[in-house]
Amino acid sequence: MGLLDNKVIVVTGAHGVLGAAVATAAEAAGAKVARIDFAQRHEGGDLVFEGVDLADEAATQAVMDQIAASAGGIDGLVNIAGGFVFQTLADAPAAVWDKMFRLNLVTAVSACRAAMGHMNGGSIVNIGANAASRAGAGMGAYAASKSGVARLTEALSEELAGAKVRVNAILPSILDTPTNRADMPKADFGSWVAPQDLAKVVLFLLSDDGAAITGASIPVTRGSGV
C-alpha cells in the first residue's frame, strides 16, 4: 500500500521544480493529484489547471470547487506557488514588497480559504523559508512574506483543529534547482536541499503518519542554516 492511497492532493505551483517533485512523489505514493499553476505548459489531464492566479480569490475558489466535484473532495493541499527577489530596501520600492506578499502569502491564504471547505480532516502543508527566521541583507521582502506564511500556519492550525485538518509549514534552506545553480555557481551544492528530499517531508505531513503534528514550522536545511 502507498503512503497516500486514495487521497486527493492539490499542489499549487505544480509546474515548478519543487511542485513537480511533490506531485510526482504523491502520485507514486498512491494519491490522486490535482496540479495548479499560473504558468501555461499545455499539459493535459482532468486535474491540471493552468493560468490560475491564486491571488484571485474567485478564480481560486472556482478551481478548488471543480477539483472537489471531480475527485470527490480534497484530502491535502500543498502551497508551493510563490516567488523570490533579492533586493535591499534602498533598491526595492514598496511595490516589490507588495509583489512578494502577493506571490508568497496571499496565494497561500487564497488557496487555503478555497480548499478548506472541501476538507473533512486531512492536511495542509505550506512551504515557507528558513530565511524567515533571520533575514540577511537583500532578503527583507522575501523573508517578511515567508514569515507571514508561518503565522498563517499557526493561526489556521488553531482555527481548523475542530475540523481535524492539520496545518504545518516547512522551512527549507536553499533548494538544489537549475536556477539556483546558475545564480550561485560557486556555492557548495552538496549543502543544499534536493527537491526530492523535501518532497518526502511533505508526503509525511500529508499522510496519516503525520497525524500528531499540527501548527509546526519545520526547518529542512541539511544543517546549512541558510
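A polar contact here is a pair of N or O atoms within 3.5 Å; within protein, one atom must be able to donate a hydrogen and the other to accept it, and residues adjacent in sequence count only if both atoms are side-chain atoms. The model is predicted, so to speak of local features a pLDDT of at least 70 is needed, side-chain atom pairs count only at pLDDT 80 or more, and totals for chains, interfaces and linings use all residues. Residues are numbered from 1 along each chain as its sequence is written, and side-chain values use heavy atoms, with hydrogens and water left out.

**View 1**
Let us start with Asp37, found in strand E2 (residues 32-37); helices (H or I, at least four residues) and strands (E, at least two) are DSSP runs, numbered from the N terminus. A polar atom of the Asp37 side chain lies 2.8 Å from the backbone nitrogen of His15, and the backbone nitrogen of Ala14 is 3.2 Å from a polar atom of that side chain. Setting aside residues up to four places away in sequence, Asp37 touches Gly13, Ala14, His15, Gly16, Phe49, Glu50, Gly51 and Val52, where contact means heavy atoms within 4.5 Å. Buried means under 20% relative accessible area, exposed over 50%, and partly exposed in between (1.4 Å probe, protein chains only).

Side chains of opposite charge can pair when their charged atoms come close. A salt bridge is a side-chain nitrogen of Lys or Arg within 4 Å of a carboxyl oxygen of Asp or Glu, and the count comes to six by this rule. One of them joins Arg35 and Glu27 at 3.0 Å, N to O; Arg35 is buried at 16% relative accessibility, and Glu27 is partly exposed at 38%. Another joins the side chains of Arg113 and Glu57 at 2.8 Å, N to O. This pair links distant parts of the chain, with Arg113 in helix H3 and Glu57 in helix H2 (residues 57-71), 56 residues apart. Arg113 is exposed, with a relative accessible area of 51%, and Glu57 is partly exposed at 44%. In the pair Lys200 and Asp197, the closest N and O atoms are 3.9 Å apart. Why are Lys200 and Asp197 separated by about one helical turn? Because they are three residues apart in helix H6 (residues 195-206). Lys200 is exposed at 59% relative accessible area, while Asp197 is partly exposed at 35%.

**View 1. Asn104 in helix H3.**
Asn104 lies in helix H3 and is buried, with a relative accessible area of 2%. Its side chain reaches the backbone nitrogen of Gly83 at 2.8 Å and makes a polar contact with the side chain of Ser145 at 3.0 Å. Leaving aside neighbours within four places in sequence, Asn104 is in contact with Gly82, Gly83, Tyr142, Ser145, Lys146 and Val149.

On a 1 Å grid over the protein atoms alone, a cavity is a set of points where a 1.4 Å probe fits but cannot get out, and a pocket is an open set with protein on both sides within 12 Å along at least five of seven lines; lining residues have an atom within 4 Å of a point. Grid points are joined across faces, edges and corners, and a volume is the space filled by probe spheres set on the points. The structure holds one cavity of 30 Å³ or more, and the largest cavity has a volume of about 60 Å³. Its lining includes Thr12, Leu54, Asn79, Asn104 and Lys146. Helix H3 (94-116) and helix H4 (140-159) are the elements that give two or more residues to this lining, and the largest share, four residues, comes from H3. The largest pocket holds about 1,400 Å³ of space. Of its 45 lining residues, Ile80, Gly82, Gly83, Phe84 and Tyr142 are the closest to its centre.

Asn6 is not a glycine, yet has a positive phi of about 70 degrees; Asn6 sits in the segment before strand E1 (8-12) and is exposed at 75% relative accessibility. Lys164, also not a glycine, has a positive phi of about 60 degrees. Lys164 lies in the loop between H4 and strand E6 (165-172) and counts as exposed at 68%.
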